[in-house]
Amino acid sequence: ITPYIHPFYSLAPAVIVTKTFFVIRNAGASLQTRPDMFIDVFQVGLNATFTLPEKTSFVTVLNKQIRISAAATLADSISLYINNKFIKSGRSPDLLTDTITASQFGEFWVKAIAWAKPSFAADSFFFYVRKPAVVSALPANMTDGINYTSNTSVTLVLHAPYKNNVFVVGDFTGWLALEKGYMNVTPDGERYWLEINGLKPKKEYRFQYLVDSSLYIADPYADKVLDPINDQYITSVTYPHLIQYPKDTTSGIVSVFQTSQLTYSWEAASYQPPKKSNLVIYELLVRDFTANHNYKTLIDTLRYLDNLGVKAIELMPINEFEGNISWGYNPSFYFAPDKYYGPKNDLKALIDSCHKRGIAVIIDMVLNHCFGQSPFVQLYLDHYGTDQIFMK
């Protein structure tokens with residue numbers, strides 16, 4: 001890239017570039033690298049960065065050797081610290097290499113500091129040396145998914161047979177695999193569980209499971225998930241105050257839990273469904289039926305359907321599916337209403353409004369047409385066919 005980044009990409013001088021993104025193809029364009037090659041760009045001055053290891057946070061095992069390489073620009077010297085203890089200085093002022101051994105269980109911060117006294121710059125990474133998981137029976141009355149046990153606590157349960165270890169990472173762990181996020185395993189090895197305390201009532205917490213130290217997935221049973229790609233197209237009119245995706249700390253789909261949630265008060269408590277032999281069914285795709293593609297607008301349109309003599313509305317799939325512009329027959333999270341149509345309580349309000357008019361609501365779904373976003377697929381597709389996943 002010559003003579004330098006700004007003229008090469010026709011950027012204004014005031015633009016600050018922090019990363020470049022590359023995809024490299026062969027001459028015949030039949031092969032290419034994965035589309036996730038990001039390279040940091042540093043401003044002129046004193047800088048420090050780890051070039052090895054490649055990850056800024058990871059889990060490892062006892063006695064694993066970890067290669068380290070730290071680079072600096074315009075530095076007088078560069079030093080290495082582990083848990084704030086000085087380890088060594090580099091042989092040159094702009095490069096430090098070492099190999100450390102994970103000789104103890106626990107949490108470790110590794111930091112490189114580049115000095116141009118009195119100024120300094122630093123970079124760091126974190127690793128956890130994993131001990132065997134605690135084997136403990138699942139507490140009574142706990143089911144798979146998110147269990148709300150009080151206004152300040154939840155118990156998370158992940159059904160993950162044939163896996164070796166699971167961590168919970170999220171807002172309450174700083175998105176690191178910490179000791180407090182290491183999940184217990186049941187004696188049969190089928191489930192992993194963890195109780196989380198000290199939560200703020202009504203606050204939304206974002207989290208994922210880290211499975212076998214490499215796979216990040218959302219909770220398969222969550223009723224709300226965040227999408228790093230598709231959420232940006234959801235307006236505040238459709239979904240007010242949608243919590244932001246934690247883009248600087250993770251990737252992939254993220255699940256959400258919230259204690260002390262606002263309970264929906266059902267009004268059509270005496271509703272009786274129409275006879276199946278006397279149904280006039282209207283199949284409806286929320287995205288296409290109204291320009292605003294949300295439940296609120298659909299509620300305002302129910303008089304039109306009522307005047308047609310409709311006795312049941314068949315909603316094409318409304319649980320979370322791949323992308324936003326879909327018929328919904330590619331589900332990813334079975335219990336999470338897709339946010340592109342609005343919050344879950346808006347869905348309840350739609351159903352309630354239909355029942356007030358004597359209109360039934362039928363949910364259309366095809367559960368086995370799942371793809372890459374599904375936690376079940378990510379957990380097992382490499383080893384089992386999709387049918388086997390659901391049979392288990």
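# Side-chain contacts, one by one

Visitor: Which ring does the charged end of Lys117 sit over?

Guide: A charge sits over a ring if NZ of Lys or CZ of Arg is within 6 Å of the ring centre and within 35 degrees of the ring normal. For Lys117, the distance to the ring centre is 6.0 Å, and the ring is that of Trp115.

Visitor: What kind of model is this?

Guide: Residues are numbered from 1 along each chain as its sequence is written, and side-chain values use heavy atoms, with hydrogens and water left out. Local features need pLDDT of at least 70, side-chain atom pairs count only at pLDDT 80 or more, and totals for chains, interfaces and linings use all residues, for the model is predicted.

Visitor: How many salt bridges does the structure hold?

Guide: A salt bridge is a side-chain nitrogen of Lys or Arg within 4 Å of a carboxyl oxygen of Asp or Glu. Asp231, Glu320 and Lys339 are linked in a network of such bridges. In the whole structure, the number of salt bridges is 11.

Visitor: How far apart are the closest N and O atoms of Lys19 and Asp40?

Guide: These two residues form a salt bridge. The pair links distant parts of the chain, with Lys19 in strand E1 (residues 19–22) and Asp40 in strand E2 (residues 37–40), 21 residues apart; helices (H or I, at least four residues) and strands (E, at least two) are DSSP runs, numbered from the N terminus. The closest N and O atoms of Lys19 and Asp40 are separated by 2.6 Å.

Visitor: Lys344 and Asp223 also meet in a salt bridge; how many residues apart in sequence are the parts tied together by this pair?

Guide: The N to O distance between Lys344 and Asp223 is 2.6 Å. Lys344 lies in helix H5 (residues 344–356), while Asp223 is in the loop between strand E17 (215–217) and strand E18 (225–226), so the parts tied together are apart in sequence by 121 residues.

Visitor: Is Arg287 buried or exposed?

Guide: Buried means under 20% relative accessible area, exposed over 50%, and partly exposed in between (1.4 Å probe, protein chains only). Asp288, which forms a salt bridge with Arg287 at 3.3 Å, has 53% relative accessibility and counts as exposed. Arg287 has 18%, so Arg287 counts as buried.

Visitor: How are the rings of Phe50 and Phe125 arranged?

Guide: Rings of Phe, Tyr and Trp (its six-membered ring) pair if their centres lie within 6.5 Å; planes under 30 degrees apart count as stacked, over 60 as edge-to-face and the rest as tilted. The structure holds 26 aromatic pairs. In the pair of Phe50 and Phe125, the centres are 4.9 Å apart and the planes are at 85 degrees, so the arrangement is edge-to-face.

Visitor: In which strand is Phe125?

Guide: Phe125 is buried at 1% relative accessibility, and Phe50 is buried at 11%. The two are 75 residues apart and link distant parts of the chain: Phe50 is in strand E3 (residues 47–52), and Phe125 is in strand E10 (residues 119–129).

Visitor: How many disulfides are there?

Guide: A disulfide is a pair of cysteine sulfur atoms within 2.5 Å. Cys354 is buried at 1% relative accessibility, and Cys370 is buried at 10%. By the distance rule, the number of disulfides is 0.
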